[in-house]
Amino acid sequence: MAPLTATRVVEALEEARRRTFALVAYVSDADLERVHSPLMSPLAWDLAHIAVYEDLWLVHRFGERPLLREDLATMYDAFETPRAVRGDLPLLGPAQAREYLDEIRARTLEVIDERGIGDGVLHEMVLRHEHQHDETMLQTLMLARLDGYELAGRRPLPASPQPAPTGLEMVEIPAGECTIGAAPDGFAYDNERPRHRTHVGAYLIGRTPVTNASYLSFVEGGGYERREWWSDEGWAWKERYDITRPGAWTADLDAEWRLGGLEPLHPDRPVVHVSWFEADAFARAHGARLPTEVEWEKAATWDQDKEIARRYPWGNRRPVAGQHANLDHRGCGTAPADAYPDGSSPYGCLGMLGDVWEWTSSCFGGYPGFVAHPYREYSEVFFGSDYRVLRGGSWATRTRVATAAFRNWDYPQRRQIFSGIRIARNA
């Protein structure tokens, strides 16, 4: 990534804001204020939260100015105000939220004009925060099932190559050492560091994510009825909520909800909207398991010949959406699982960035020598056995955020709408 300058930061901030506003440009005020899912915030909350976060970090803490609206700080604090209660709060309306975003941006630009950007770390963090909330808002828009939703600048997705992948094709990763985590230079989140060496035994991993066709065979073959394929916790969860198929699929298994409406179930696209429990059961049904996140990252980045880790599966060049991976949300959904051969990892794995977040078997925790930065609530408070790690990003992840070191996490029962599966097996 090119060194940050004040000019580059301003340009990136403005581009991020245009993309945020574009997501909701044609969404009604009623739909912006509605709770579309108990798992998600009202979209109007996300808009104002983006503004509060920018004011806190770039104006108040970096610029040493008072907060513009101190009375809003708690209501729009993601840690202090959980999603379950946000719909009951006296939130700013959509017009007020947009106005607030504009007011905070004007303050940010004044601070940059006066003080520059320092080392740029806080500005990069705020930029990525807005990009990540764009992905969160797209999750909400998918769950809202707004028929006819359109996104300006939509990019057509590639056709499926032949022969079509299944996600059951495996590549072998030899035993040996590798490095895991973000490089010491450039921006990274605290849970991605420090980079460290570790030894990994030989294993097999899926060449692509598991496709709809393969998951459909699992469903039709009694996947949700065969007790032996499920963990105790997974079976109890499935039975309690009467789970019989991925969350976006229709009951007849012929179609799935995508951004803007129902579409026929595409066999070659990665399965999506499955919990860790479902991913684990699918893997067990095929005599496999989910990869650890170390196995996932080695398969994505480790160049065995040069004994170095790449920043991205294909090299160190920043991703170009539509060439290396399905990223940046303009494809408005998943693409065929092996549609981007230019994004191949050193071992020939495809789709390791973009399309779907991939569940791993690992619990979320800090790497050896972890240091919380710039605040504990970003990741440290989530460490422990309650959360499973997801890797790889989705079609809604912005290219600035997507690296092979990036870690996501969630509860195993949470049906992350952009989550999918890549299987592994001991060699």
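Predicted model: local features only at pLDDT ≥ 70, side-chain atom pairs only at ≥ 80, totals over all residues.
Good morning. I shall begin with the sheet. Three strands make up an open sheet, in the order β1-β4-β13, and their pairing is antiparallel. For those new to the subject, strands of a sheet pair through backbone hydrogen bonds, either parallel or antiparallel. Which strands stand at the edges of this sheet? They are β1, residues 170-173, and β13, residues 424-426. Each has a single partner strand, so one side of each is left without a neighbour in the sheet. On average, and ignoring direction, neighbouring strands here are turned by 25° against each other.

Let us look at one of these pairings in detail. Strand β4 comprises residues 203-206 and is joined to β13 by 3 bridges, the two strands running antiparallel. Within this pairing, Y203 has N426 of β13 opposite. A helix also belongs to this picture: α10, residues 293-301, lies across β1, β4 and β13, and runs at about 75° to β4.

Side chains of opposite charge can pair when their charged atoms come close. How many salt bridges does the structure hold? There are 34 of them. One of these joins E293 to R407, with the closest N and O atoms 2.6 Å apart. E293 lies in helix α10 and R407 in strand β11, residues 407-410, so this pair ties together parts that are 114 residues apart in sequence. Are these two residues buried or exposed? Both E293 and R407 are buried.

Another salt bridge brings together the side chains of R289 and E295, at 2.9 Å from N to O.

R398 and D328 are each buried. Salt bridges may also share partners, and in this way E14, R17, E54, R105 and E130 are joined into one network.

I turn now to the aromatic rings. The structure holds 28 aromatic pairs. Among them, Y215 and W249 form an edge-to-face pair, at 6.0 Å centre to centre and with 90° between the planes. Where do these two residues lie? Y215 is in helix α7, residues 212-220, and W249 is in the loop between α8 and β5, 34 residues apart. Y215 is buried, with a relative accessible area of 0%, and W249 is buried as well, at 3%.

In a second pair, the ring centres of F364 and F383 are 5.1 Å apart and the planes are at 75°, so this pair is edge-to-face. F364 lies in strand β9 and F383 in the loop between β9 and β10, so the pair ties together parts 19 residues apart in sequence. F364 is buried, with a relative accessible area of 2%, but F383 is partly exposed, at 25%.

Finally, charged groups are also found over rings. The charged end of R226 sits over the ring of W229, 4.2 Å from its centre. R115 lies over the face of F62, at 5.7 Å from the ring centre. Thank you for your attention.

Technical notes: Residues numbered from 1 in each chain as written. Heavy atoms only, no water. Pairing = 2+ DSSP bridges. Helix = DSSP H or I, 4+ residues; strand = E, 2+ residues; numbered from the N terminus. Axes fitted to C-alpha atoms, helices over the stretch in contact; angles between N-to-C directions. Contact = heavy atoms within 4.5 Å. Salt bridge = Lys/Arg side-chain N within 4 Å of Asp/Glu carboxyl O. Buried < 20%, exposed > 50% of the residue type's maximum accessible area, 1.4 Å probe, protein only. Phe/Tyr/Trp six-rings, centres within 6.5 Å; stacked < 30°, edge-to-face > 60°. Lys NZ or Arg CZ within 6 Å of the ring centre and 35° of its normal.
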